[in-house]
Amino acid sequence: MTDLLKTSLNRRTVLQAATVGAVGVSPALRALVHAQGSDAPEKKEVKIGFIPLTDCASVVMASVLGFDKKYGVTIVPTKEASWAGVRDKLVNGELDFAHVLYGLVYGVHLGTAGPKKDMAVLMSINNNGQAITLSKALADKGAVDGPSLAALMAKEKREYTFAGTFPTGTHAMWMHYWLAAAGINPLSGAKLITVPPPQMVANMRVGNMDGFCVGEPWNHRAIMDGIGVTANTTQDIWKDHPEKVLGTTAEFVKKYPNTTRAVMMAVLEASQWIDASLSNKMKMAETIAGKAYVNTSVDAINQRILGRYQNGMGKTWDDANHMKFFNDGVVNFPYLSDGMWFLTQHKRWGLLKSHPDYLAVAKQVNQVELYKSVASAMKISVPKDVMRTSKLIDGVVWDGKDPAKYADGFKIKA
């Protein structure tokens, strides 16, 4: 980070701290912790794991801007190499929290993604902002979206390989869903592999995969490097879809309730700050591009976070449904239906052998009441319903009402 940016960020921290009384955040925090019978977080320093992706920004900025200190904790952002590493360190307690894949948390809770441990989704960190990238070699043959990819695969028979970032994670589910929506069976008609996000571009460069689904900035990086094209954004698949969450173990929430609240508040305030202005987004891009965080050029990050997209084939557009971190609190609410959706897809693709009690599991994992108490203290509005309704790219509506029927209703499944 440049000295100039450090200075401007430190000045902003001071200014924001000076205005806290006006917006009433700190008194609300005091009320919350007094209700718990203590003035302070039980644990003063917390390690939060993250993967080098644009959507780690609220965790990083909570630390860089000093929002953590305001709530009595010190966040130590810890850069991790893979989602499997994040999972293992959360489970064994090396990490206190993580910027983590929604479906990974559910996979650990049910033991479908390695070790089994009771887990907690505290809040959603972002909506939208991932993409499906196809190799330039495929695009040169006319495969530039789902239908044209299906046509090419039917004509030119060979093994086609696509990558996600973790078996039960969001990117694997978006890739499965997108292929199936185009009539391609991701289990029998293609090979699916797991590659850590920062390694996607390098693996495509040497021909290890035909396509991948990953978070930014790695889709835009593939375009900048001339090796890939954007076939669809994930907001094309599901507008305002859930993506990363602030996750931890159920054990941590129980043992350190005040610490958990303080960290949630710091990350929520950082989320508000990012979405508050274009200049904040640009400052965020400059910060997280640094070597300690995403380790890429600022121009790989700052276009798509502003909704300025290009597909690598000459098309440019402004996307109103770009990556959002707060969106007046809409982003952060841990909808039960969001967690349940990942379970339906785990069942659809054979990761779960039988139907779980979808609603009961979501109620165990998603800390709705805890989130509501934090949001209330921060004067952040929350939706009336813990379920939400969406129509996905294949026209199928998800509303959480009959998850077993929904999971079984797809033509293409395990």
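Q: If buried means under 20% relative accessible area and exposed means over 50%, with partly exposed in between, why is Gly-142 called partly exposed?

A: In this predicted model, Gly-142 has a relative accessible area of 38%. Because that value lies between the limits of 20% and 50%, Gly-142 counts as partly exposed. The residue sits in the loop between helix 8 (136-140) and helix 9 (146-155), and its C-alpha is 55 Å from that of Lys-44, a residue 98 places away in sequence.

Q: Why are helix 4 and helix 15 called roughly perpendicular?

A: The axes of helix 4 (residues 57-64) and helix 15 cross at roughly 100 degrees and come within 8 Å. Angles of 65 to 115 degrees count as roughly perpendicular, and the two helices are therefore described in that way. The contact brings Ala-57, Ser-58, Val-59, Met-61 and Ala-62 of helix 4 against Ala-266, Val-267, Ala-270, Ser-271, Trp-273 and Ile-274 of helix 15. By class, the residues in this contact are 9 nonpolar and 2 polar, with no charged ones.

Q: Which residues have the most contacts inside the largest nonpolar core, and which helix gives the largest share of this core?

A: The largest nonpolar core has 129 residues, and Leu-149, Leu-246 and Trp-341 have the most contacts inside it. Helix 15 (residues 257-276) provides the largest share of this core, with 10 residues. For Leu-149, leaving aside residues up to four places away in sequence, the contacts are Leu-134, Leu-138, Ala-143, Phe-162, Trp-178, Leu-179 and Ile-184.

Q: What makes the aromatic pair of Tyr-102 and Phe-342 stacked?

A: The structure holds 17 aromatic pairs, and in the pair of Tyr-102 and Phe-342 the centres are 5.2 Å apart, with 25 degrees between the planes. Ring centres must lie within 6.5 Å to pair, and planes under 30 degrees apart count as stacked, so the pair of Tyr-102 and Phe-342 is classed as stacked. The two residues are 240 places apart, with Tyr-102 in helix 7 (residues 102-110) and Phe-342 in helix 18 (residues 336-348), and both are buried. They also belong to a cluster linked by ring pairs, whose members include Trp-174, Trp-341 and Phe-410.

Q: How do you know whether Tyr-309 and Trp-317 are buried or partly exposed?

A: Tyr-309 has 3% relative accessibility and, because this is under 20%, counts as buried. Trp-317, at 22%, falls between 20% and 50% and is therefore partly exposed. Tyr-309 and Trp-317 form a stacked aromatic pair, at 5.3 Å centre to centre and 25 degrees between the planes.

Q: What makes the backbone at Asn-295, at Asn-327 and between Glu-216 and Pro-217 worth noting?

A: Most residues other than glycine have a negative phi, and most peptide bonds are trans. Asn-295, however, has a positive phi near 60 degrees, and Asn-327 has a positive phi near 50 degrees. A cis peptide bond, with omega about 15 degrees, joins Glu-216 and Pro-217. Pro-217 is in the loop between strand 8 (211-215) and helix 12 (218-224), Asn-295 is in the loop between helix 16 (278-288) and helix 17 (298-301), and Asn-327 is in the loop between strand 12 (316-318) and helix 18.

Q: Why are Asn-295 and Asn-327 called partly exposed?

A: Asn-295 has 44% relative accessibility and Asn-327 has a relative accessible area of 28%. Because each value lies between 20% and 50%, Asn-295 counts as partly exposed, and so does Asn-327.

Definitions and conventions:
Residues numbered from 1 in each chain as written. Predicted model: local features only at pLDDT ≥ 70, side-chain atom pairs only at ≥ 80, totals over all residues. Heavy atoms only, no water. Core = buried A, V, L, I, M, F, W, Y, C linked by side-chain atoms within 4.5 Å. Buried < 20%, exposed > 50% of the residue type's maximum accessible area, 1.4 Å probe, protein only. Helix = DSSP H or I, 4+ residues; strand = E, 2+ residues; numbered from the N terminus. Contact = heavy atoms within 4.5 Å. Axes fitted to C-alpha atoms, helices over the stretch in contact; angles between N-to-C directions. Parallel < 35°, antiparallel > 145°, perpendicular 65-115°, else oblique. Nonpolar A, V, L, I, M, F, W, Y, C, P; charged D, E, K, R; others polar. Phe/Tyr/Trp six-rings, centres within 6.5 Å; stacked < 30°, edge-to-face > 60°.
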